[in-house]
Amino acid sequence: ARPESSASGRIFKFGAFEFHVQARELRKHGLRIKVAGQPISVLAMLLESPGEVVTREDLQARLWPTGTYVDFEHSVNAAVKRLRQALGDSADSPRFIETLARNGYRFIAPLSERIDDLAEPAGQKQAEEPQSAAQVKKGAKWLRFLAFPRVMAGILLLIVVIAGLIIGLHERRPTHTGSGPIQSLAVLSLANLSGDPDEEYFVEGMADSLRQHLEVISALRVVSRTSSMYYRGSSKPLPEIARQLNADAVIEGSVLRSGNRVRINVELIQTASDTHIWGGSYDRDLKDIFALQAEVAQKIADEIRATLTPPDRARLARRRTPDPDAYFAYSKGRFFWNKRTEVNLKRAIGYFQQAIEKDPNYALAYDGLADCWLPLGWYAYMAPSETFPYAKVAVTKALALDDSLAETHTSLAFVTLYYDRDWASAEREFRRAIELNPNYANGHHWYAEFLSLEGRHQEAIAESERARELDPLSNIINTWVGSRYFFARQYDKAIEQYRNALEMDPGFVPVHLVLGHALEQKHMYREAITELERAVSLSGGSPIYMASLAHAYGVAGRRGQARTLFDELWKLSKQRFVSSYDLALASLGIGETDRTFALLARAVEERSPRVAFLGVDPRFDALRSDARFKQLMIRIGRPS
């Protein structure tokens, strides 16, 4: 048996690691590794019984108080996962911690132990001579008598000191023990504990809803959904994920739905120190889950001492609780909307309509409908006259139900700019959206586009960078940062940004398109055509991409290929909708100026959203001195 008197000096050594029991520190080659909380407690238990199975019941009894509810499966799995990350271990090929399915864990590495000698130096003698038992008893009684007043005084003094410390801690205590304040966080994907793939929509929706509640806190930067979801199922260590997301802390957890009951486990972790700041487990009725998320958001804000302004508190209080079935349908709609393809956008419309049927007062579901109709018109999957009016009806209804949603004001700004061509009203709506939710990346993203169209390029670049800060791994946002430089005629910077975006996802079609545009302006025609041909191939022959390729062929002197592509587009326009704007761009490449102006005039009548770019797109520079071009600019509300 190990001597209890020396327990505080015990040090376990395995491989390059040492675990100091008293300090609860894990060191590698003498350097401390930042891991604490439950992972350290799990390691301590495993090292106490090397080679033996530590059951899940043992862990539960030691790490969680009796009667306390936790989502045990998730919590212990998360603790072991973080411990393995600290050790550089693998569940599949373990060097230190072996998992025994449905049973527990076992420490399997060779282990040695040493005891730091904390006793007095050997040979030190007591000054007193041995006493008889009677003398000892009598002396002890006399000492107790003499010591009593001192003991009482000491106890009273200790109580005063402790009371003072408690009061001081209550007033000044740091809400977390990590390194530095928490000013930004990411809500990572929640684990789906049901095992049912169909529940993924609901689980993703839970994470989205919690993220939306946190986004209204103006003092906190909250990483957007796209970037947070990028790490779904990732085995990367939390500090690395946080570094890539530029987040001071992350929220992770799990969701288990059974009928109308939902069990949610949430943990707040400061990633620089891998410190568990706060955690909570809840078992609620489904109809109460949204009020719970507001409560959790408030708790997190309290823990990190984020300042809630009166408008922040008002927005949190206004978050309406939808019908659970409506929310489930809404979650599915957002899932497919994020894919942005024509088929999935139309599929998402069906789910948003289901949500509205379940809950006719669900503002976000109407906004979801609008967000589907807008890209269907923008990317010319359908005629603008068939999409934008539906989007406007949906967004107007959403505003009538709740005018405090940044998402809805952003959608209205989009319609107002590209369909109504009311530039001043569009800017008011963009600014209102950002005021309501400074963390809404899409609001900053679309407002940056507006600023580019206005020719306010430095503002546009700054706004686009803010969108990227909020959503650092979004393909579209990273790509469109480059477009802010493109429209400012800073082509080298644009190309640099586009290439960075291309590294993130070589299969992302729009980045090949706009990179081709920038290379074309640098007269790097061979490289430009390569990118545009790639875009046409990846898009399956979308007219938008074919038109840009035809224009590049034309300006590069390959007029025959340009005309062939124009003829294909013209023939295709007899079978399906093809924007007159795209036909005009292809015609411009061939050099047919009169037909280009006629097609642009028709594009204005079609209310093509992309005619808004006429004022800043360098491909139209050769037309600017023509009186017909000035008339077009007047018709779209941009006479200057």
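These legends walk through several close-up views of one predicted model. Residues are numbered from 1 along each chain as its sequence is written, and side-chain values use heavy atoms, with hydrogens and water left out. Because the model is predicted, local features need pLDDT of at least 70 and side-chain atom pairs count only at pLDDT 80 or more, while totals for chains, interfaces and linings use all residues.

**View 1**
Phe 450 lies in helix α16, residues 441–453. (Helices are DSSP runs of H or I with at least four residues, strands are runs of E with at least two, and both are numbered from the N terminus.) With 0% relative accessibility, Phe 450 counts as buried. (Buried means under 20% relative accessible area, exposed means over 50%, and partly exposed is in between, using a 1.4 Å probe and protein chains only.) Leaving aside residues up to four places away in sequence, Phe 450 touches Leu 417, Trp 423, Ala 426, Glu 427, Phe 430 and Arg 456. (Contact means heavy atoms within 4.5 Å.) Tyr 418 is 32 residues from Phe 450 along the chain, and their C-alpha atoms are separated by 9.8 Å.

**View 1. A tilted pair of rings.**
The whole structure holds 27 aromatic pairs. (Rings of Phe, Tyr and Trp, the last by its six-membered ring, pair if their centres lie within 6.5 Å; planes under 30 degrees apart count as stacked, over 60 as edge-to-face and the rest as tilted.) How are the rings of Tyr 330 and Phe 352 arranged? Their centres are 5.6 Å apart and their planes stand at 55°, so this pair is tilted. The pair links distant parts of the chain, with Tyr 330 in helix α10 (residues 324–337) and Phe 352 in helix α11 (residues 342–358), 22 residues apart. Tyr 330 is buried at a relative accessible area of 5%, and Phe 352 is buried at 0%.

For Phe 388 and Phe 414, the ring centres lie 6.3 Å apart and the planes are at 10°, so the pair is stacked. This pair also links distant parts of the chain: Phe 388 belongs to helix α13 (residues 384–401) and Phe 414 to helix α14 (residues 406–418), 26 residues apart. Both Phe 388 and Phe 414 are buried. They belong to one aromatic cluster, whose members include Trp 378, Tyr 418, Tyr 419 and Trp 446.

**View 2. Charges over rings.**
The charged end of Arg 334 sits over the ring of Trp 337, 4.6 Å from the ring's centre. (A charge sits over a ring if NZ of Lys or CZ of Arg is within 6 Å of the ring centre and within 35 degrees of the ring normal.) Likewise, the charged end of Arg 638 sits over the ring of Trp 423, at 4.3 Å from its centre.

**View 3. Helices α1 and α2.**
Two packed helices are described by the angle between their axes and the distance between the axes. Helix α1 (residues 38–48) packs against helix α2 (residues 56–63) at about 125°, with axes 11 Å apart. (Axes are lines fitted to C-alpha atoms, for helices over the stretch in contact, and angles run from 0 to 180 degrees between N-to-C directions.) The two helices are therefore oblique to each other. (Angles under 35 degrees count as roughly parallel, over 145 as roughly antiparallel, 65 to 115 as roughly perpendicular and the rest as oblique.) The crossing is right-handed. (A crossing is left-handed if the near helix is turned anticlockwise from the far one by less than a right angle, and right-handed if clockwise.) Ser 41, Val 42, Met 45 and Glu 48 of α1 meet Asp 58, Leu 59, Arg 62 and Leu 63 of α2.

**View 4. Helices α18 and α20.**
Helix α18 (residues 475–487) and helix α20 (residues 509–521) pack at about 20°, with their axes 10 Å apart. That makes α18 roughly parallel to α20. Here α18 passes α20 in a left-handed crossing. Among the residues that meet are Trp 480 and Phe 486 in α18 and Val 514 and His 517 in α20.

**View 5. Two loop residues with positive phi.**
Most residues other than glycine have a negative phi. Ala 380, although not a glycine, has a positive phi of about 60°. Ala 380 lies in the loop between α12 and α13. His 523 is not a glycine either, and has a positive phi of about 60°. His 523 is found in the loop between α20 and α21. Is each residue buried or exposed? Ala 380 counts as buried, at 6% relative accessibility, whereas His 523 is exposed, with a relative accessible area of 58%.
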